[in-house]
Amino acid sequence: MKNNVKSCRLQVTGYRLRVQLFTFLIVCLPFINQCRNDDNFIYLKIRDHSNGVKVINTHEHQHWPEEYGNYKFRFYHLINASYLAADIRSAGAGNLQWVLIDSLDLNQLWDMYGEALGYTRTTSYYGQFVKGFRKLYGFKDLYFTKENIESLSAQVEENYKDYITWFDKSFRKAGFELMFIDQYWKPFNTEIDEEHFALAFNINALISASSRRPENDKELSGFYKEAAKAGFVINSLDDYLRFCDHLFKENVESKAVCIKNSQAYSRTLFYENIPYEEAVVLFSKPSASLTPGEAKKIEDFMFHRIIQKAVEYDLPVQIHTGYLAGNGNTLDNGQPVKLNNLFLKYPKAKFSLFHGGFPWTGEYAALGKMFPNVYLDLVWLPQISREEAVNSLEVMFDCVPYNKFFWGGDCGLIEESVGSLEFAKDVVSEVLTKRVNRGLLTEDLAMGIIDRIFRKNAIVVFDLEKKLEKKF
Ligand SMILES: [Zn+2]
């Protein structure tokens with residue numbers, strides 16, 4: 001009996017508790033919703049502010065469509081020129097081939113690539129590709145389908161009949177003011193469209209050619225052909241350095257705003273300090289007789305020499321770090337910490353490290369924190385992994401002053417650049433909103449940081465007003 005009374009009381013108490021909890025939730029729900037709405041409101045405010053920024057995009061590989069070949073550009077051509085192609089290959093579709101893409105119809109292409117394209121719907125490459133179509137083509141769906149690709153493809157075909165006009169229209173619609181262009185596929189070209197671009201001097205060839213001198217009877221190509229064209233005879237390291245100096249002068253005269261090293265695609269980023277005397281001896285040997293270690297030493301010497309030149313001309317040194325585009329390479333070549341010796345040796349050089357150093361985002365942030373002359377360019381990081389960009393940017397803001405960040409797109413055609421800008425604005429706005437909501441930042445400062453990352457930091461560090469004689 002006693003037990004029955006006790007259990008009855010317990011039931012009544014349990015009932016009361018449930019009623020009280022229910023009432024509490026009913027009372028609080030509007031406040032919880034309000035908080036959510038406020039969060040969203042702040043995000044939208046910050047994100048909207050980012051749309052008004054005239055963006056300085058610190059890294060692009062914009063091509064004219066004809067540079068890919070003589071193709072009639074449609075939807076799948078854009079995929080093939082984009083990062084998304086690598087995810088489609090990664091999903092098992094095999095190589096997308098320009099000639100096939102150009103000759104098959106949309107149904108045939110969907111049969112070949114549709115399944116693999118579907119598997120990439122979770123990736124950031126896919127997400128940023130969609131974003132470009134949302135901004136420029138009014139695309140509303142979440143995914144590409146066999147059906148909706150048809151009208152997109154027709155629009156692409158129409159736009160690419162006059163790509164110059166389409167490029168300019170898209171460039172302005174996205175809010176770009178200037179793109180740094182790294183023409184790695186034609187590194188000796190200094191003539192660019194200055195209305196949209198500023199020149200990045202890609203110095204890969206200056207390093208790699210030092211250990212690949214042509215044999216006497218071989219036809220000249222690349223760096224040595226360029227030297228011969230300019231009237232330089234290269235028989236010694238001093239001759240070689242003279243031509244490099246000439247290239248520096250030529251690029252500076254063409255208003256280059258930085259130099260760019262993307263050698264992680266082919267070698268380690270660890271550049272030892274090799275004495276000039278040792279480099280002279282190694283350079284005098286036939287390149288074919290050099291051991292891999294000796295070849296590396298000459299190249300290491302060259303990059304040190306190039307950094308010294310960059311200091312002389314006040315050109316920041318952009319360096320690819322971390323993840324490597326495509327579908328197969330030696331990942332640890334690009335580990336950011338391998339550059340540590342250079343930051344110590346050249347305090348007057350300005351280094352801009354690319355891509356969040358992914359997957360080594362922590363050490364990347366640490367280098368930006370430790371060295372006043374190391375800057376962090378978020379270029380391409382949101383496209384590699386949006387979530388990693390959000391998470392690591394939280395850490396970076398914890399460690400690194402916000403005057404040290406830049407943003408770039410790193411894309412081949414305008415649709416992808418526009419998508420990557422939209423993607424990056426989402427990421428940065430999301431991270432800043434969280435801080436505002438936690439009471440760590442004011443809204444005003446959050447917006448100021450957006451201005452800094454997407455514009456002002458680049459103007460200051462790359463000295464754009466002076467170098468381009470332009471008021472930004
Ligand atoms: Zn790049």
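Along the chain, the donors of the zinc ion follow the spacing H-x1-H-x348-D. Donors here are N, O and S atoms within 2.8 Å of the metal (3.2 Å for Na, K and Ca), and water is not among the atoms, so sites may look incomplete. This is a predicted model: local features need pLDDT of at least 70, side-chain atom pairs count only at pLDDT 80 or more, and totals for chains, interfaces and linings use all residues. Residues are numbered from 1 along each chain as its sequence is written, and side-chain values use heavy atoms, with hydrogens and water left out.

The protein donors are His 59 (NE2), His 61 (NE2) and Asp 410 (OD), lying 2.1 Å from the zinc ion. Both His 61 and Asp 410 are buried, meaning under 20% relative accessible area, with a 1.4 Å probe and protein chains only.

Now the pockets. A pocket is an open set of points on a 1 Å grid over the protein atoms alone, where a 1.4 Å probe fits, with protein on both sides within 12 Å along at least five of seven lines; lining residues have an atom within 4 Å of a point. Volume is the space filled by probe spheres set on the points, which are joined across faces, edges and corners.

The largest pocket holds about 620 Å³ of space. Its lining has 30 residues, and His 61 is among those nearest the centre, along with Tyr 83, Tyr 184, Tyr 265 and Ala 325.

What is the volume of the second largest pocket? About 350 Å³. Of its 16 lining residues, Arg 213, Pro 214, Asn 216, Ile 234 and Asn 235 lie nearest the centre.

How values were computed
Buried < 20%, exposed > 50% of the residue type's maximum accessible area, 1.4 Å probe, protein only.
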